[in-house]
Amino acid sequence: MPEAPDPRSRPTPTRVPGLLYGGDYNPEQWPEEVWAEDARLMRQAGVTMVTVGVFAWARLQPGPREWDFGWLDRLFDLLAAHGVAVDLATATASPPAWLVRAHPELLPVTADGVRLEFGSRQHYCPSSPVYRAAAVRLTRAIAERYAGHPALALWHIHNEYGDHVTECFCPESAADFRRWLAERYGGVDGLNAAWGTGFWSQHYGHLDEVEPPRTAPGPVNPTQLLDWRRFCSDALLACYRAERAVLDELSPGVPVTTNFMSMFKALDYWRWAAEEDVVCDDAYPDPADPQAHVTAAMHYDLMRSLKGGAPWLLLEQAPSAVSWRAVNLPKRPGLQRLWSLQAVARGADGVMYFQWRASRAGAEKFHSALLPHRGTDSRGWRETVRFGAELRRLASVAGARTRAETAVVLDWESWWALELDDHPSARMRWLDLLRPWYAALYRRSVAVDFVRPGADLSGYRVVLVPNLYLLREETARWLAAHADGGGHLVCGPFTGIVDEHDHVHPGGHPGPLRETLGVVVDEFWPVPDGEGTTVVTADGRTLTARLWTEWLETTDAEPLARFGSGPLAGRPAVTRRGTARYLGCHLGDEIGVVLEQVLAEAGVGPVLPVPEGVEATLRTTPDGAEYLFLLNHGERPARLTLPPDWATAPDRLTGAAVGSRFTLAPLDAVVLRRSPRPR
Ligand code: GLA
């Protein structure tokens with residue numbers, strides 16, 4: 001008999017065919033009579049998978065030696081009977097009261113020494129052996145019971161690691177930190193050298209003297225802080241690994257995930273994604289933010305990139321309003337559909353929500369749900385059903401990938417180091433530096449991947465480095481090799497400043513990239529808040545630098561732009577050496593002027609030329625069929641013109657003919673399919 005294919009090697013994330021549709025389902029908040037209605041309505045809405053058990057620890061294990069699986073058994077069978085698959089949580093994100101009272105030491109402690117109380121969720125110290133053992137025991141009990149259930153499609157470890165609590169400063173964490181440091185540095189001498197403890201009399205005689213960076217009288221050692229960031233990401237990853245090991249043992253073949261929180265600073269998602277079978281994101285763009293779709297696109301491109309372009313899942317989003325902002329705007333009609341399609345357009349093989357049925361009690365009772373408080377006679381429910389039907393028509397998109405020729409380098413440890421204190425300017429924040437670069441590409445409909453340092457760059461014509469404050473020698477060699485091989489490279493300001501220990505590279509900035517870029521930075525000249533410095537390009541355009549400028553000297557590069565005002569007037573602001581460009585300033589949204597030139601030289605074009613406000617993306621199936629997604633995020637109808645080979649395709653969402661010229665209404669979308677081209 002041929003062996004069953006391993007679901008982990010499938011092109012789509014789970015064993016459920018098509019694009020997944022569903023959400024978090026918390027039946028423990030409801031009497032069982034309600035479940036039958038839930039299952040019936042799920043079927044009506046076209047729900048194919050629900051996430052179950054995320055906060056069910058107290059219900060599943062009411063006491064140290066008591067287990068209650070009966071309700072979950074019945075639920076599994078009910079869902080299976082209605083054709084709904086289960087993304088089963090290990091339920092470890094909210095330890096029950098009995099465990100906390102027996103072991104109050106597992107509660108997390110802040111940098112100021114405050115122990116956070118029971119009464120919310122995520123109240124655990126990541127390094128607590130008691131917490132980890134209890135979480136593993138629970139995972140084992142759940143896996144033993146449900147590994148073989150036919151409705152099980154996906155394992156959902158924990159929930160949003162790092163949400164609420166990213167770090168703990170208790171004695172247990174301190175001991176774990178010291179163990180981590182001993183592994184990293186071998187002994188105290190290595191640590192003293194790396195942390196530069198000759199400064200301010202911070203020398204350690206023994207590793208036992210080291211503590212986490214608790215609140216101190218003044219600035220704390222920056223390398224200690226950087227290592228703490230690394231350690232905290234790893235401590236949570238160790239929790240994930242411990243649960244994953246149980247699932248690998250008891251439930252091989254069922255894919256495993258945990259839900260990410262988009263571009264989340266505290267966790268190095270490159271390291272995390274490597275240990276997942278499928279990447280999942282929880283995305284909550286703010287309907288009050290007119291640029292929310294641009295940031296969302298950036299997050300979705302990251303999710304797709306985290307596992308080398310593999311399809312990912314949008315595991316949570318709000319059907320309408322959330323409940324945790326100061327003012328929670330609902331999504332106006334059509335927005336939920338548009339933003340869901342955006343995730344699919346950028347590589348998601350499923351669209352899921354928080355949550356299925358609106359809670360009556362608890363902190364999230366005003367959070368929207370697929371089934372609102374009003375029930376089925378509501379706008380929300382009608383949209384739930386309508387969109388479920390539309391998504392089914394896109395089933396064959398599942399497994400399709402996106403091809404990008406432009407890569408943006410994202411490195412978590414550089415992000416952490418960039419945002420340490422006592423820098424020339426506290427305004428140099430990674431997301432603020434990255435956003436305009438991404439937005440410039442987005443506006444030009446250029447497909448973008450994110451890459452980590454050291455990734456294979458062979459498919460990319462353009463590599464962008466908005467900032468790599470922390471630059472390892474090997475990363476510099478990797479970037480240099482790309483540029484030396486004729487690839488385009490653009491490096492933003494305040495790059496190449498320190499090594500992996502946050503020690504300044506000697507000889508002038510940008511350290512090990514000086515030769516490749518043909519420049520040296522003599523001094524930083526941050527721009528005061530609200531002010532700007534003009535930058536004049538060689539072809540006579542005047543731009544404005546904000547936040548940051550540099551006293552830049554060319555050693556082997558040609559200036560493409562010079563400062564036009566201020567103390568640096570006349571000095572180079574943007575330079576090039578062959579295919580390598582450097583920016584000695586932050587140009588904000590005007591970075592597009594520089595990037596446009598680079599893209600033109602590199603021969604990188606848009607997916608499709610589209611009017612402002614319209615997003616165009618392409619996904620290609622393994623057999624070569626292409627799907628073109630056109631989404632109108634704008635306030636006005638958009639006139640679009642399609643090339644002849646797209647113009648004959650009907651809209652997959654409605655089945656209607658589109659034609660070569662058509663108007664896309666605000667918040668509307670079309671998805672077109674082009675058959676594989678003959679080889
Ligand atoms: C996160 C959590 C959910 C819920 C939603 C609300 O994504 O994972 O449990 O709290 O936020 O937006």
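Leaving out residues up to four places away in sequence, L88 touches V52, L72, F76, I142, Y146, L152, L154, W155 and H156, where contact denotes heavy atoms within 4.5 Å. The model is predicted, with local features requiring pLDDT of at least 70 and side-chain atom pairs counted only at pLDDT 80 or more, whereas totals for chains, interfaces and linings use all residues. Residues are numbered from 1 along each chain as its sequence is written, and side-chain values use heavy atoms, with hydrogens and water left out.

Together with F450, L88 touches the most other members of the largest nonpolar core, which has 150 residues; such a core is a set of buried (under 20% relative accessible area, 1.4 Å probe, protein chains only) Ala, Val, Leu, Ile, Met, Phe, Trp, Tyr and Cys residues joined through side-chain atoms within 4.5 Å. A second, separate core of 23 residues includes V409, L479, A580 and Y582.

In helix α3 (residues 70-81), a DSSP run of H or I with at least four residues, numbered from the N terminus, the buried residues are W71, L72, L75, F76 and L79. Viewed down the axis of α3, these residues fall within an arc of 135°, taken from the directions from the helix axis to the C-beta atoms, and so line one face of the helix.

T51, located in strand β2 (residues 49-52), a DSSP run of E with at least two residues, is buried, with a relative accessible area of 0%. Beyond its neighbours within four places in sequence, T51 is in contact with residues including D87, H156 and M352.

Terms used: Buried means under 20% relative accessible area, exposed over 50%, partly exposed in between (1.4 Å probe, protein chains only). The expected span of a helix is 1.5 Å times one less than its number of residues.
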